[in-house]
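Trainee: I would like to learn how to read a model feature by feature. Can we go through one together?

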Amino acid sequence: MARIIQLRHCSASSLSKPNHPNYYLSDTLLASILQNYIDSNSPKSGQTIHSQIVKSGLKPNTTIFIKLLLLHIKSGSLYNAHKVLDEMPEPTMSAFSYLISGYLKQGLIKEPLELVRRLTFSNRRPDKFTLSMVLKISSTLSLLNFTRQVHAHMVKFDFEPDDVLLSALIDSYVKLGKTNYAFSVFNKLSKRSVVFATSLIVGYFNEGLYEHAQEVFDEITEKDIVVYNAMIEGYSKTTEKAVSSLKTYKGMQKLGFRPNISSFVSVLGACSLLSDLDFGSQVHCQIIKEKLVSLVKAASALIDFYSKCGCIEESRKVFDEMTHKNVISWTSMIDGYGRNGLPYDALNLFDEMTRVVHVQPNHATLLTVLSTCSHNGLVSEGQKIFQNMERIYLLKPQMEHYACMVDMLGRGGLLEEAYELIEGMEMKPSVDVWGALLSACRMHGNVEMAKLAAREVFELSKNKRPGAYMAFSNSLADAGKWDGAYEVRELMNQRGVAKGAASSEVWS
């Protein structure tokens with residue numbers, strides 16, 4: 001290490017001294033010096049070498065350019081890294097790939113997107129790594145055309161089958177909601193690996209195409225724990241299909257597959273929907289046996305499961321036995337108290353979380369607390385928490401927080417305050433926000449405000465929410481305005497709005 005430090009000092013200083021005997025460093029030695037900084041715990045200190053190179057008039061070769069680019073990325077200076085790329089006479093594919101990756105790791109999308117466009121117009125043959133990253137950007141920004149362009153590149157340049165790239169392509173189509181395209185890619189594969197199949201299965205579940213997902217699963221000859229988990233999780237999202245989640249979970253074990261943390265969390269979710277206390281308790285025993293109960297993810301799932309089954313004492317027992325708690329654990333327990341009709345326990349725990357333990361709440365935590373206040377008539381408490389979102393918790397209210405507050409104020413009969421809150425929103429109110437007001441108007445018989453809220457809901461929902469029409473019609477009927485109620489029903493018929501089984505709810 002001493003030799004490296006000495007070499008670094010000598011190299012950095014000698015670059016600024018033309019008369020120094022070490023001034024004329026070979027490219028190999030300079031590349032080695034830069035690599036030492038890249039691999040070190042303090043790469044920023046090596047950035048001075050770049051300025052020394054510029055001052056000395058040295059003209060870096062491609063290898064040195066790449067090393068400088070990596071040095072700036074490792075130092076967190078993407079601006080300087082981008083400048084290095086721009087200064088390269090002929091930027092290589094690896095240079096583009098490194099910089100795109102650097103931006104993505106920092107959660108930045110706009111810059112790598114521009115780099116991708118630059119690559120596309122250059123008509124060069126991109127490598128598999130770069131294309132995989134482009135697919136990631138495409139799905140993140142919902143850019144279907146970019147995914148199609150990558151697909152076209154793969155065909156044009158006749159890429160050899162590559163599991164990572166093809167899986168990324170299928171995954172991108174799936175996330176963009178184009179499972180038909182994903183299946184087309186999958187269907188043309190000579191070797192349909194479990195990786196490809198898993199991506200497609202996830203896509204089918206996301207679109208509610210359960211039979212398609214099952215068909216793909218059944219065709220897999222060599223299954224693994226990952227694809228089983230995809231099936232267990234996919235079926236665990238709705239009460240109607242939750243039983244299939246339990247069956248898949250049991251079938252997996254009969255074939256010798258050992259459940260992991262993902263398996264446990266998903267199947268507990270299914271047990272929660274079914275209120276299947278017996279099955280969930282057995283899963284709890286398995287988690288203990290596997291020595292995973294100390295994991296935050298497992299414990300939080302157990303807290304949620306027991307609270308949804310009405311066993312709030314069991315939830316609290318799991319919570320108290322946790323050695324490490326995070327915001328998810330606290331939120332799960334607070335939600336448990338709220339859904340079991342114990343609002344003050346929920347608020348006391350929230351107070352302990354924020355003031356005693358000093359755990360920073362997130363948006364989900366505050367939505368849970370606000371919802372608890374709303375459903376239990378604790379308007380003043382809810383208003384105080386909402387007011388503290390930005391002032392104390394440094395969280396900007398999102399649309400769901402506003403909808404919850406409108407619901408809370410509306411339930412309490414404070415319709416004018418609810419309307420003023422909507423009017424004061426910095427963002428355009430969503431259909432859920434107006435729907436909450438419409439529901440409250442019917443509850444309290446305010447026909448005039450119901451007309452205003454209904455108009456907004458009709459406009460925003462594009463006839464996809466029959467419950468809004470029914471709520472407005474019922475508001476008019478409750479007020480004895482039968483002609484108006486009849487007109488709303490006629491309007492539904494004219495617009496082809498189906499009443500549906502859940503038409504009594506504004507947000508059906």
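Mentor: Start with exposure. Buried means under 20% relative accessible area, exposed means over 50%, and partly exposed lies in between, using a 1.4 Å probe and protein chains only. His358 is exposed, with a relative accessible area of 60%. This is a predicted model, where local features need pLDDT of at least 70, side-chain atom pairs count only at pLDDT 80 or more, and totals for chains, interfaces and linings use all residues. Residues are numbered from 1 along each chain as its sequence is written, and side-chain values use heavy atoms, with hydrogens and water left out.

Trainee: Where is His358 placed?

Mentor: First, the naming. Helices (H or I, at least four residues) and strands (E, at least two) are DSSP runs, numbered from the N terminus. His358 sits in the loop between H21 and helix H22 (363-375). Its backbone deserves a look: phi of His358 is near 60°, a positive value in a residue other than glycine.

Trainee: What is phi of Lys291 near?

Mentor: Phi of Lys291 is near 60°, again positive in a non-glycine residue. Lys291 is in the loop between helix H17 (277-289) and H18. Lys291 is exposed, at a relative accessible area of 71%.

Trainee: How many helices and strands are there in the protein?

Mentor: The protein has 29 helices and zero strands.

Trainee: Which residues have the most contacts inside the largest nonpolar core?

Mentor: General idea: in soluble globular proteins, nonpolar side chains tend to be buried together. A nonpolar core is a set of buried Ala, Val, Leu, Ile, Met, Phe, Trp, Tyr and Cys residues joined through side-chain atoms within 4.5 Å. Here the largest one has 146 residues, and Ile201 and Leu437 have the most contacts inside it. Helix H26 (residues 431-444) gives the most to this core, with eight residues.

Trainee: Which residues is Leu437 in contact with, leaving aside its neighbours within four places in sequence?

Mentor: Contact means heavy atoms within 4.5 Å. With those neighbours set aside, Leu437 touches Val406, Leu415, Ala418, Tyr419, Ile422, Met449 and Ala453. Now the whole protein. Among contacts between residues at least 6 apart in sequence, 60% join residues at least 24 apart.

Trainee: How many salt bridges does the count come to?

Mentor: Rule first. A salt bridge is a side-chain nitrogen of Lys or Arg within 4 Å of a carboxyl oxygen of Asp or Glu. The count comes to ten. One of them joins Asp304 and Lys308, at 3.1 Å from N to O. These two are four residues apart in helix H18 (residues 296-308), so about one helical turn separates them. Asp304 is buried at 19% relative accessibility, whereas Lys308 is partly exposed at 35%.

Trainee: Which residue forms a salt bridge with Arg411?

Mentor: Asp407 does, with the closest N and O atoms 2.8 Å apart. Arg411 and Asp407 are four residues apart in helix H24 (residues 399-411), so about one helical turn lies between them. Asp407 is buried, at 15%, and Arg411 is partly exposed, at 36%.

Trainee: How far apart are N and O in the salt bridge of Asp351 and Arg355?

Mentor: The N to O distance is 3.1 Å. Both residues are in helix H21 (residues 343-356), four apart, which means a separation of about one helical turn. Asp351 is partly exposed at 33%, and Arg355 is exposed at 58%. There is also a network of salt bridges, linking Glu390, Lys396 and Glu426.
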